[in-house]
Amino acid sequence: MTGHEMLVGRYELRDTLGLGGMAEVRDAWDTRLDRAVAVKLLHPSLRAQPDVRGRFEAEARSAAALTHPNIVAVHDYGEDDGTPFIVMERLPGRTLGDVIDEGPLSPAQVRAMLDEVLAALEVAHAAGVLHRDIKPGNILLSADANSLKVADFGIAKTGGAALTLTGQLVGTLAYMSPERVMGAPASVADDLYAVGVMAYEALLGRRAFPQDNPAAVARAIVDDPPPPVAALRADVDSVLAGVIDRAMTRDPRQRFAGAKQMRSALAGDPGALFTTPVAMPVAMPVMQPITAPVGPPITRTFATPTAGVPKRSSRSPRARAVAGAAAVLAAFAVAVVALAMDPFSPAPAQKPVSTSAPVPPPLPPTTPPPPPTPPPPPTMAPVVEQPQPVAPPKNEMKKPEKGPGHNNGKGNGNGKRG
């Protein structure tokens, strides 16, 4: 359609505002209500497919049911000469993408943007509607430029597969989650991932995935996520950085459970930022004891909430082996000392390692704990058979050097020098 054509005798079509994977959007005028509107027309190549047309209508009805100040309103749906169309609220046309192209936004601006977009998605998700194409180009500025509105719910879906019937992914690749790139069904976690990517780009003023071809973008999304936003912009507070990092984590189970939780985390609720979104393996609850809204989650950060159980399970066998070996060495050392000291102690009582120094067992020779033992010569004194009552002849006592005396003139004989 070209020129000022009429649609069902009511909507006057004007210039093209945008083109997407499924439809084109035209500027139009509602001649009945005398107001500007935007009309979305299904692509000619898809009009001949009854199932696609049926889904287009169902999606239009879903979007029309969403009423919220941060959602572009849907006014009408119809068909003209075999062309399905959706009539929507007309906005000036300036998008968040246009604002980002002018330079990075302040943290306060990004926080306000996130709050409004998440408020819109909270309503949509509560109605069972997934957007599936959140990106800066689909976030429109209001007429007074004081608020944002989420647009293009025309490709929204109430659950189901992420692929169209033609085998093409619905949505913009650079904002798709890793699991959607791999062909998984759409989910709430996908919309929240895209919100995180959008906020990341708003803070940096550039694309999160700047690769120049679809294959490279897809590979980066799956295998090479961008660095945390706090590493690239120091003035971003820890709460905002943590919200973005968690929304962009590759594991969908570690993202927020919903837009409401993500919005609460953005407002500074540590319970919303750090608690487990869904039933997780044992690793995630480690984040619960954190009470201050500081730092990214289990990412990684958060994040990477991987500090607890996984680390212990990998190190504990070795730690137990080292502790066991130390205990054995300590027990052996104690046993040797006990043998030297003879009087007391069964060695098993000294099992704890914490009270003994970590020194190898050959300590007994260097530690002389025995009570007052004289030097080696006196220890040999008992060998002499001094106490025998039968004294030999006196001439045999003339060998004092062999006896225990010390040549001081005082022998151990009968008190006579001989």
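In what order do the six strands of the open sheet lie? The order is E1-E2-E3-E4-E6-E5, with antiparallel pairing. Strands (E, at least two residues) and helices (H or I, at least four residues) are DSSP runs numbered from the N terminus, and two strands pair if DSSP finds at least two bridges between them. The model is predicted: local features need pLDDT of at least 70, side-chain atom pairs count only at pLDDT 80 or more, and totals for chains, interfaces and linings use all residues. Residues are numbered from 1 along each chain as its sequence is written, and side-chain values use heavy atoms, with hydrogens and water left out.

E1 pairs with E2 in the antiparallel sense over two bridges, and Met 6 stands opposite Glu 12 in E2. Three residues separate these two strands in a hairpin, where Val 8 in the turn has a positive phi of about 50°.

Next, select E2 (residues 11-19) and E3 (residues 23-30), an antiparallel pair joined over six bridges. Tyr 11 stands opposite Asp 30 in E3, while Thr 16 has Arg 26 of E3 as its bridge partner. E2 and E3 likewise form a hairpin, with three residues between them.

**Lys 40**

Move to Lys 40 in strand E4. The UniProt annotation "binding site", from an unreviewed entry, covers this residue; such annotations may be inferred rather than shown by experiment. Is Lys 40 buried or exposed? Lys 40 is buried, at a relative accessible area of 5%; buried means under 20% relative accessible area (1.4 Å probe, protein chains only).

**The nonpolar cores**

Now display the largest nonpolar core, which has 74 residues, Val 110 and Met 113 having the most contacts inside it. Such a core is a set of buried Ala, Val, Leu, Ile, Met, Phe, Trp, Tyr and Cys residues joined through side-chain atoms within 4.5 Å. Helix H6 (residues 188-204) supplies the largest share of this core, 11 residues.

Centre on Val 110: leaving aside neighbours within four places in sequence, Val 110 is in contact (heavy atoms within 4.5 Å) with Leu 105, Ala 199, Ala 202, Leu 203 and Leu 240.

**Helix H6**

Finally, select H6, in which 16 of the 17 residues are buried. Just after H6, Gly 205 takes a positive phi of about 70°.

Conventions: Buried < 20%, exposed > 50% of the residue type's maximum accessible area, 1.4 Å probe, protein only.
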